[in-house]
Amino acid sequence: MRCLQSVWAVIMAGGRGERFWPWSRCERPKQFLTLQGNRTLLQHTYERLKKLVPVERLLVVTGRRYADLTRRQLPDLPPDNLLLEPVGRDTAPCIGLAALWVSARDPDAVMVVVPSDHFVSPEEEFLGCLKACTRVAKMEDAPVVVIGVPPSRPETAYGYIKTGEQIEVLDGYPVYRVERFTEKPDRQTAERFLARGNYFWNSGMFIWSVSGVWYEIGRHLPDLERGLRSLRPHIGRPTFEEELARVFPQLPKISIDYGVMEKADNVLMLPARFAWDDLGSWSALPRIHDTDEAGNVVVGEHVGVDTEDCVLVSQGRLLATVGARDLIVVETEDAVLVCRRDCDQRLKELLEELRARGKEALL
C-alpha cells in the first residue's frame with residue numbers, strides 16, 4: 001500500500017497491562033510481550049503502521065522507564081520520534097503531547113492514534129479502513145473520526161458507540177454520525193446494545209487533524225491545553241526534557257474518552273471490516289490463538305487429563321492438569337496464577353492485595 005502524505009501515526013505504548021500478570025510486570029508490561037507469533041504486540045503494531053506512513057512520520061509515546069526497551073524492540077524508529085512521558089497521566093495527556101509534537105513539525109497533519117497492544121486481522125482491511133478514515137478527517141469541518149467494531153457478544157469490558165444517521169459512503173465504508181459514547185456497561189445494558197444493532201465497540205483508535213485535536217482539547221480540557229501549550233517553545237531544544245518533567249506530572253489525569261470523546265459533537269464513525277480484539281486479559285487468548293481439541297489454549301509445555309476450555313501458559317516448566325475446567329493457569333519463574341476464566345477482570349484486585357502485603361517486587 002502506498003504511504004499517505006501529511007498523515008502521522010501515533011502509537012500509545014504506556015499502559016501497564018495489569019490483567020496479564022504474572023507475565024506482564026511493571027518493568028515489562030503487556031505491549032512488550034510476545035503473545036502472538038514471534039513478535040511483541042508493540043512490534044506487530046509498528047510493522048503494520050509502517051505500511052501506512054513512513055517511519056519518519058511514526059511516533060511512539062511511552063513511559064520514560066520503557067525507553068531502552070522500546071528502542072531495542074523498534075531499532076529503526078528515529079530517535080526523535082520516541083516521546084517519553086515522565087509519569088503516566090492516561091490517554092488525554094498522551095494524545096495531547098503527541099499532537100503538540102506533530103503540530104510543531106507539520107501543523108496541517110492528520111493524526112492516526114492507535115494503542116500498541118491490539119489484535120487486528122486481516123492487515124489489509126485494517127490499513128484500508130485507516131486510509132478511508134484519514135480522508136474523512138480531512139473534511140473542512142475537521143471531524144473526529146473513530147473506528148467502531150460490530151459487537152459479537154455483550155462485552156462489559158469495552159466502551160460502546162451509538163451511531164446516528166449515515167451521511168455518506170467513502171471507499172466502500174459507510175460513514176455515521178456518533179450520537180453517544182458509553183463506557184463499560186453492565187451486562188444487561190450490553191445485551192440491549194447488542195440487540196439494537198446501532199451500537200459498536202469503541203476500538204480506541206482515533207483519526208483527526210492536529211488542529212482538530214487542539215480544538216477539542218482546548219474546548220473540553222482547557223487546563224490540559226494550557227499546560228501542554230507551555231511546552232511548545234521548548235520543542236526541539238535542550239530544555240524540552242526538563243520542562244516536560246516539570247509540566248507533565250501537573251496535567252490532569254484523564255482518558256481521552258471521558259475528557260473529550262463523550263463531549264465532542266463532531267464525531268464520525270466508520271465500521272471495522274476486520275477482526276479486532278483489545279487483548280485486555282488472559283481470556284482474550286482463545287479469540288486469537290488456535291485451541292486444541294478440548295478448547296484449551298496452550299503456550300509452553302502442557303500435559304492434561306480431562307482438561308477443557310483452559311488458558312495454560314508456561315515460561316519453562318511443564319504444566320500438568322487433571323479435571324480442570326474454564327481455568328487460567330500462568331507460570332513464571334517467581335509466580336503462578338490460577339484463576340477462573342470469568343474472573344480475569346479482577347486481577348487488579350489481586351495486584352492491590354500484593355501491594356498491601358508488601359510484594360511490590362512481584363508487580
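View 1. At 5% relative accessibility, E331 counts as buried (buried is under 20% relative accessible area, exposed over 50%, partly exposed in between; 1.4 Å probe, protein chains only). R317 is partly exposed at 49%. The two form a salt bridge, with closest N and O atoms 2.9 Å apart (a side-chain nitrogen of Lys or Arg within 4 Å of a carboxyl oxygen of Asp or Glu). R317 lies in the loop between β14 and β15 (319-322) and E331 in strand β16, so the pair ties together parts 14 residues apart in sequence. Helices (H or I, at least four residues) and strands (E, at least two) are DSSP runs, numbered from the N terminus. This is a predicted model: local features need pLDDT of at least 70, side-chain atom pairs count only at pLDDT 80 or more, and totals for chains, interfaces and linings use all residues. Residues are numbered from 1 along each chain as its sequence is written, and side-chain values use heavy atoms, with hydrogens and water left out.

**View 2. R25 and D334 meet in a salt bridge.** The N to O distance is 2.7 Å. R25 sits in the loop between β1 (7-12) and α1 (41-49), D334 in the loop between β16 (327-331) and β17, 309 residues apart. R25 is buried at 15%; D334 is partly exposed at 44%.

**View 3. An open sheet of four strands has mixed pairing.** The order is β12-β14-β16-β17 (strands pair if DSSP finds at least two bridges between them). β12 (297-299) and β17 (336-340) are the edges, each with a single partner strand, so one side of each lacks a neighbour in the sheet. β12 and β14 (residues 311-314) run parallel, joined by three bridges. V298 stands opposite L312 in β14.
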